[in-house]
Amino acid sequence: MAPEEMGKVTQRLRLWFAISSVLFVVVLAISPVKDLRHEWKQYKRAYVRYAESRPDTKRLLADYNPDIDQVWIPEMNVVDRCTTCHQGISKNSLADASVPQPFRAHPPIPHSIVNWGCVICHRGQGPATEVAEAHTTTLAWEQPMLPARFIQGPCGSCHLADRPETPKLNRGRALIDRLHCTGCHRLQNIDRPAMLGPDLSNVGTKVSRAWIYKWLKEPRTIVDADGNTVTNGYLTEEEPRMPFFKLSEDDLRALSGYLSTLRSHPMESSSINAAVLAKWAKNPETVSQGETRFRQMFCSTCHSLAVTRAGETKLIGGNIGPELTKVGSKVNPEWLVGWLRNPAGYLPHTRMPRYGWTDEDLYKVTRYIREQMVDPDLLKGVPALEQASPAEIKRGRELFLEKGCSSCHVIEGVPPQKDFGPDLSALGAKNVSQLDFGQSKIPRTLVSYIQAKLTDPSSVNPSARMPKFNFAAGDLDAITTALLSMTGPPATSALQHQVVPRDTPTFTAAGAFGEVYTRYRCYVCHKFNGYGGDLAPDLSYEGSRAQRAWLISFLKKPQTLRPTLVLRMPEFNMSDKEAATVADYLKMVLQHPAVNPDEANARASTPQLAALGKQLYEVKYQCQSCHTIGSGGGYVGPNLNNAGNWLTPAWMEAWLKNPQALVPGTIEPRRAFTPQEIQALTAYLMTLRHSGPAAAAGRGAQ
Amino acid sequence: MNARLALVMACLFALTATSACRKKSAAPPDPLRRAYDVETDWNDPQKMIPLNYQEAQGKRLFYADCVWCHADSTPAGPSNRSNVTPAPPLMNDGATLNGESDEYLRNIIMLGGSAMGKSAMMPPYGQTIGEKEANQLIAYIRAIAQPPYQPSAKPQSGYPAKQ
């Protein structure tokens with residue numbers, strides 16, 4: 001090789017060397033530059049710049065750290081780096097809406113963010129260090145953040161007991177319970193109740209085949225002014241619990257045929273003298289007297305009736321029992337008499353009490369129901385249905401099992417199907433890859449999956465067996481929230497300690513009281529030691545509160561103590577013996593330990609003390625803002641006109657000392673009364689008796 | 001020639017490698033859907049007011065304890081407001097309540113009307129609810145006020161950013 005040629009090569013080599021050196025440096029620089037440009041580092045720097053633009057720079061940067069910030073909760077398996085970017089999350093001075101995100105402080109919540117981090121409530125990827133990976137689903141990270149409107153869902157993963165702070169979650173849990181989702185699905189912390197849908201063993205004695213056909217086709221009862229059935233959701237709890245099943249004409253015929261043949265035992269026949277019956281039938285007032293009786297019995301406390309006013313159909317009444325607007329066109333007359341006489345004879349688990357109707361009352365009320373609560377068009381559109389053929393009955397029975405009817409309804413001889421639908425007790429913790437979206441076009445997220453399933457199950461899976469419910473938008477979100485809270489059993493035993501369990505109170509009433517308690521279904525409306533309904537006052541301490549004679553007279557003829565109350569205690573026509581049994585039991589057993597009757601009862605009352613109490617009541621504390629005495633006063637609290645006959649002095653004293661200790665959550669605020677003021681107020685209240693103010697004053701003086 | 005090409009290639013490579021894919025931020029979501037709870041504007045049933053956690057707890061307390069006298073209709077029927085003299089202010093009455101400081105509201109809730117030189121018909125709640133609940137109630141009162149509540153010029157804890 002010639003030297004000049006050599007020089008050429010060297011020159012070219014030099015050039016190449018220079019280029020590759022530059023390239024090498026550039027490639028080497030990529031990594032540090034990339035590191036410097038990390039999203040989280042940019043937020044770190046932006047935060048410093050922002051803090052420096054404010055007067056409280058020093059405080060904002062006091063715990064500044066240029067590296068990744070992290071909340072680590074080993075016992076909950078949580079690594080949470082959200083605070084790397086959300087650096088002002090717990091700085092009070094950054095609460096204002098003008099502070100740019102991601103630096104704004106979190107609005108006040110009950111848990112400390114420093115201790116609990118963010119992902120326990122908001123979900124998302126705690127360990128991720130990029131905005132997209134932390135917040136949304138990517139190929140590698142599957143838990144997106146929950147939309148803010150479901151934020152109460154994660155509360156329920158640890159707080160299995162209902163908390164007043166989470167109304168949406170509680171509503172969702174209540175709906176899941178009310179709609180009997182547990183009939184088919186296994187769910188976390190919601191037990192299967194004793195009775196789901198009605199027992200159908202004897203349904204052939206109650207309704208006709210045509211009615212069953214109609215009900216299976218369109219399980220709705222209320223019709224608006226234009227004749228449309230109302231299907232606007234559970235917002236007002238107007239919808240029946242029975243969902244829509246997509247049944248073909250043949251299915252409807254077969255199922256209605258099968259069900260109409262179910263007559264496991266005949267209804268008790270009424271044995272009223274024909275001559276007496278004829279006499280009652282002649283009475284032109286029968287129907288109107290029946291209506292009066294129906295109203296007197298406060299059937300509307302549990303049952304609602306559709307009332308049309310100014311073209312708007314509205315349901316008025318309670319929702320413990322079914323809506324009854326057209327029940328006269330639904331049930332067989334003999335069944336109705338037998339049912340009203342003894343509901344448990346038809347449905348052992350029913351919540352309907354057994355009233356002490358006289359035969360004449362029963363006759364009048366059933367006449368009223370059959371003549372006034374009717375709709376001649378109820379069965380319009382139902383084809384003529386003959387006696388069911390054996391083939392239809394066989395097919396109907398098969399369908400009953402295929403469609404999962406036996407998950408909610410009992411028929412003697414047909415085995416119940418538990419866990420007919422999939423187990424949902426850990427649905428809230430599912431990753432997107434674990435869900436079967438089928439051919440549907442919905443967004444691939446857990447929330448949209450749950451909502452699509454709830455709105456129309458067949459939209460996700462055309463062959464789904466799940467029936468269709470109609471939810472109002474708010475309820476759809478509430479149920480979604482409750483399902484999201486079900487994340488299965490805690491992953492670690494340490495986590496188990498964080499869980500606040502749901503308590504399941506029970507109350508068993510034995511002996512003579514037990515019989516009365518069961519007959520009148522007291523627990524449907526009243527609570528006893530935590531068990532029972534919440535429509536009516538909690539009776540756990542009723543024995544300390546009320547006087548025995550008052551209890552008996554109230555049970556015989558309930559009077560409302562609060563003038564604004566709409567739903568009232570029915571008149572059961574209790575016998576004297578039953579009323580005495582209840583009163584004695586309440587006085588003996590349902591006592592509050594803090595109420596000491598002997599001490600207060602023995603205390604002497606003087607007219608001066610009562611006069612002082614009156615003065616305190618009317619002037620110093622102005623109790624009349626909420627309570628009525630005489631004809632004046634407020635109606636937030638109970639009417640006190642008969643307080644001296646109603647309440648025990650011991651209860652009054654304990655109540656005035658601390659109402660919340662006796663009834664947690666009561667509206668009456670706790671006051672700082674002195675012991676002498678409490679005695680004076682009690683003395684005054686004990687003088688208030690129904691027999692007239694003059695006589696009461698005289699008695700109070702004794 | 002070749003060298004220049006290589007240089008350009010290298011620069012391009014470096015550029016694509018370093019520039020992280022940055023997505024533009026989405027439009028801010030509807031505050032009502034993000035809210036912890038909502039309350040209907042008392043004067044305009046069509047309008048909904050978003051509430052945060054604090055305000056939502058205040059709403060719950062309001063409907064448990066205060067609604068009977070401080071609203072014209074209650075969930076359980078007619079209001080007790082007409083039975084009370086002087087008539088208590090409606091809780092959304094911004095014209096009356098916006099002028100009162102948080103501290104004044106906290107005192108009248110906790111100590112009652114008579115302690116503040118007002119009607120004894122307003123009972124004290126200091127032994128029934130805590131400071132935390134009182135603050136939640138005040139947050140709710142501020143949220144539903146009509147005309148809307150504007151925090152006073154003197155900031156209580158916030159530090160406005162330098163412009």
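Predicted model: local features only at pLDDT ≥ 70, side-chain atom pairs only at ≥ 80, totals over all residues.
Colleague: What share of the 163 residues in chain B is buried?
Modeller: Residues are numbered from 1 along each chain as its sequence is written, chains are lettered from A and ligands numbered from 1 in the order in which they are written, and side-chain values use heavy atoms, with hydrogens and water left out. A residue counts as buried under 20% relative accessible area, as exposed over 50%, and as partly exposed in between (1.4 Å probe, protein chains only). For the 163 residues of chain B, the buried share is 37%.

Colleague: Which pattern does chain B follow along its sequence?
Modeller: Helices (H or I, at least four residues) and strands (E, at least two) are DSSP runs numbered from the N terminus. Chain B has six helices and four strands. Read along the sequence, they give α-α-β-β-α-β-β-α-α-α.

Colleague: Which helices of chain B do the buried residues of α5(B) pack against?
Modeller: Helix α5 of chain B spans residues 102-111, and its buried residues are B:D102, B:L105, B:I108, B:I109 and B:M110. After α5(B) comes B:G112, with a positive phi near 90°. The buried residues of α5(B) pack against α4 (94-97) and α6 (131-144) of chain B.

Colleague: How many contacts does the model have for residues 153-163 of chain B, beyond near neighbours in sequence?
Modeller: Contact means heavy atoms within 4.5 Å. Chain B averages a pLDDT of 80, and 75% of its residues score at least 70. One stretch with pLDDT under 50 is residues 17-25 of chain B, with nine contacts beyond four places in sequence. Residues 153-163 of chain B also have a pLDDT below 50, and their contacts beyond near neighbours in sequence number 16.

Colleague: Turning to chain A, where is its confidence highest?
Modeller: The mean pLDDT of chain A is 85, with 92% of the residues scoring at least 70. Confidence in chain A is lowest in helix α31 (residues 693-700), at a mean of 36. Residues 692-702 of chain A are below 50 in pLDDT and have 10 contacts beyond near neighbours in sequence. At 93, the highest confidence in chain A belongs to α10(A).

Colleague: At what angle do α10(A) and α17(A) pack?
Modeller: Two packed helices are described by the angle between their axes and the distance between the axes. The axes are lines fitted to C-alpha atoms, for helices over the stretch in contact, and angles run from 0 to 180 degrees between N-to-C directions. Angles under 35 degrees count as roughly parallel, over 145 as roughly antiparallel, 65 to 115 as roughly perpendicular and the rest as oblique, and α10(A) and α17(A) are therefore roughly perpendicular to each other. Helix α10 (residues 249-260) and helix α17 (residues 390-402) of chain A have axes 7 Å apart, and they pack at an angle of about 95°.

Colleague: What covers the buried residues of α9(A)?
Modeller: In helix α9 (residues 209-217) of chain A, the buried residues are A:R209, A:W211, A:I212, A:Y213, A:W215 and A:L216. Their cover includes, from chain A, α10, α13 (327-330) and α17.

Colleague: Does A:E653 count as buried or exposed?
Modeller: A:E653 lies in helix α28 (residues 649-657) of chain A. Leaving aside neighbours within four places in sequence, A:E653 contacts A:A600, A:R603, A:I678, A:Q679 and A:T682. The relative accessibility of A:E653 is 14%, so A:E653 counts as buried.

Colleague: Which residues does A:C155 touch, not counting those up to four places away in sequence?
Modeller: A:C155 is found in helix α7 (residues 152-158) of chain A, and at 24% relative accessibility A:C155 counts as partly exposed. A:L484 is 329 residues away along the chain, yet its C-alpha atom is 9.8 Å from that of A:C155. Not counting residues up to four places away in sequence, A:C155 touches A:T166 and A:L169.

Technical notes. pLDDT = per-residue confidence, 0-100.
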